[in-house]
Amino acid sequence: MTFTHRPAGIARAARLASVFHDIEAKLALTALAIALSLAALQPVLAHDASPVHVEQPWARATPPGAKVAGAFATIENHGSTPDRLVSATADVAARVEIHEMAVTDGVMTMRPLADGLPVPADGSVELKPGSYHLMLMDLAGPLKEGQHVAGTLTFEKAGTMPVEFVVAPIGAKAPVAHTPQ
Ligand SMILES: [Cu+2]
């Protein structure tokens with residue numbers, strides 16, 4: 001044969017590849033273990049009788065390399081006491097901030113709402129482009145149209161509720177409409 005020395009090299013490469021594969025598998029298991037232990041630390045989820053409902057949570061797809069994304073939803077409060085959105089999470093973001101967008105001296109600016117976002121009694125508040133929104137910070141990767149992003153919204157009184165943000169196209173002004181079949 002003309003490539004006498006190659007099989008040894010290939011075997012070494014294969015061994016190396018399998019070592020890397022083992023490390024990868026161990027890392028994946030560690031990540032899973034961490035995720036499970038974090039889940040155990042989550043506050044007790046709000047029960048179904050909560051007067052606060054989160055309608056149609058969605059997020060915007062991001063271009064490659066973007067580190068932040070906007071996320072939106074309508075929050076309804078059918079109760080007779082006001083509540084307040086105090087924090088949020090998304091499993092693709094290191095942290096989530098609650099932002100307000102406003103025009104100051106003709107310039108569109110946004111700022112974090114330090115005290116959270118009030119949700120009026122017997123009313124609703126809309127998070128939408130150009131207004132209140134959630135800012136997903138330090139993204140692990142780009143958000144792709146059609147992707148579902150798991151997260152939580154935490155209210156002062158109603159507690160923590162799970163949400164799933166459906167990703168709409170880059171620059172979308174509204175969530176992708178439901179297409180009932
Ligand atoms: Cu923002």
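Visitor: What makes a set of residues the largest nonpolar core here, and which residues have the most contacts inside it?
Guide: A nonpolar core is a set of buried Ala, Val, Leu, Ile, Met, Phe, Trp, Tyr and Cys residues joined through C-beta atoms within 7 Å, and the largest such set has 30 residues, with Ala59, Ala71, Ala90, Leu136 and Phe165 having the most contacts inside it. This is a predicted model, in which local features need pLDDT of at least 70 and side-chain atom pairs count only at pLDDT 80 or more, while totals for chains, interfaces and linings use all residues. Residues are numbered from 1 along each chain as its sequence is written.

Visitor: Which element gives the largest share of this core?
Guide: Strand E2 does, with five residues; strands are DSSP runs of E with at least two residues, helices are runs of H or I with at least four, and both are numbered from the N terminus. Among the other elements that give two or more residues are strand E1 (52-60), strand E8 (133-139) and strand E10 (159-168).

Visitor: How do you know which residues Ala90 is in contact with?
Guide: Two residues are in contact if their C-beta atoms, placed from the backbone, lie within 7 Å. Leaving aside neighbours within four places in sequence, Ala90 meets that condition with Ala71, Val96, Leu136, Val149, Gly151 and Phe165.

Visitor: Why is Gln56 called partly exposed?
Guide: A residue is buried with 20 or more other C-beta atoms within 10 Å of its own, exposed with 12 or fewer, and partly exposed in between. Gln56 has 15 such atoms and is therefore partly exposed.

Visitor: What makes E9 and E10 a pair of strands?
Guide: Two strands pair if DSSP finds at least two bridges between them, and eight bridges join E9 to E10, which run antiparallel. Thr152 stands opposite Pro162 in E10, and the two strands form a hairpin with three residues between them.
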